[in-house]
Amino acid sequence: MSASKRTAWAVAAAVLLPLVVAVPSAHADEGKDAKDKQPKPPATMSAVGGALLGKPGTQAQLLPGAPVLPKELSARSWIVADAESGDVLAAHNAHWRLAPASTLKMLFADTVLPKFERTKNHLVTTQDLAGMGSGSSLVGIKEKQTYSVHDLWLGVFLRSGNDAVHVLSAMNGGIPQTVKDMNEHAAELQALDTHVVSPDGYDAPGQVSSAYDLTLIARNGMQKPDFREYAATSRAAFPGELKPGKKRETFEIQNTNRLLTGDFGVAPYQGIAGVKNGNTTHAGSTFTGVAERGGKVLLVTVMNPSSKEQHAVYKETARLLDWGFAAAGKVTPVGELVPPTSARTDTEPGSGGGTAPAPGKEAPGASASATAAAGEEKSGGVGIALSVAGGVLVLLAGAVFLVNRRWPLAGSGSRRQRSREARAPRESPTPQDPDVNP
């Protein structure tokens, strides 16, 4: 090669080399920029349940021999808690106030469910179904048709039906009254990150909750036998339209909780007993689940995973449940699930406080077998998972709960397994999650 050609190559190399080296840096900057565009949690958040829970980022205190936290976690917020003791085993942005989607229906149920007997019937009017958001998840309620309260709650829990929520809200005095009741109940539970605008969880300005609050709400709800039954029902028969001169037909509805029923790409989780999933455009996917294994009961809430993994909210929940069961006794809690304010004075009926039942009356949750039998009979024979630490509340007669006292979720009792039907994965995929509100 001539001297002139060597000089030309050297000049070209000097020009091109920086361009070649710059390519990886450019891609790295783009990735950093994309990451920087992700919302960041507030620098300080609520300290309800403990100071560590008010700090951004992951909070965990692992003891020797404790398993490391799962690496495949992309949720903006999550929490792992012992449902019985209330200990928070680990958390990530636990008090970040985010859109809750249909997990807010847990608060709706915990607030309204005790108000109506399940056998009460209601004739649906046009006004009952007014005001539902476009693209709402529906169970298929029709106006001028009669439904029992039991039917309506199946629609809320299994199909996340906004139509069922609106009918029950109408029975409760209307949407504004129900929103007021829910906000007051959230305050009583000390779920202070939560603000309700729409009782069905449909995206609305200012409607927020947090992983901590949703876990607190689920814990309180699971102390109610009917709440436990509905949350754990995998399939049920729902009334169709009654036509003149014909017997009213029914159609099957299936729970949208994929860890309960299974789906393509996600298996039913062993020991799962509820609770509620959600998905909206603003909230992304949200989920609170409760599961029992080896006598340990855990609650996990996951909010808005950014992973492109199919069923990410369920898979990240399963990973955290697996970790929690493996880590039990090997971590120092980073906080606790606080009791309701009424637990201090024992004045709120049905709040999980420790008053003794009136003479001659059975304590709430005292008959797991009776509840399960009723559930199986009225829900098309599906198995009811009342195995949350045996499924029977231990009510401490005459006890007055103090602020610093652990608030037990449940006590010992015979465990019940769900039927094989509840554990079997679905036979065919669903084209669209019925709980998605565009």
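Colleague: At what angle do helix 3 and helix 4 pack?

Modeller: Helix 3 (residues 149–159) and helix 4 (residues 162–171) pack at about 135°, with axes 8 Å apart. Helices here are DSSP runs of H or I with at least four residues, and strands are E runs of at least two, numbered from the N terminus. This is a predicted model: local features need pLDDT of at least 70, side-chain atom pairs count only at pLDDT 80 or more, and totals for chains, interfaces and linings use all residues. Residues are numbered from 1 along each chain as its sequence is written, and side-chain values use heavy atoms, leaving out hydrogens and water.

Colleague: Which residues of the two helices make the contact?

Modeller: Val-149, Leu-152, Trp-153, Gly-155 and Val-156 of helix 3, with Ala-164, Val-165, Val-167, Leu-168 and Met-171 of helix 4. Contact means heavy atoms within 4.5 Å.

Colleague: Switching topic, how many residues of helix 7 are buried?

Modeller: Seven of the eight in helix 7 (residues 225–232), so that helix is largely enclosed by the rest of the structure. Buried means under 20% relative accessible area, with a 1.4 Å probe and protein chains only. Among the buried ones are Arg-228 and Glu-229.

Colleague: In what sense does strand 8 pair with strand 9?

Modeller: Antiparallel, over seven bridges, strand 9 being residues 284–293. Pairing requires at least two DSSP bridges. A hairpin of three residues joins the two strands, and Asn-279 stands opposite Ser-285 in strand 9.

Terms used. Axes are lines fitted to C-alpha atoms, for helices over the stretch in contact, and angles run from 0 to 180 degrees between N-to-C directions. Buried means under 20% relative accessible area, exposed over 50%, partly exposed in between (1.4 Å probe, protein chains only).
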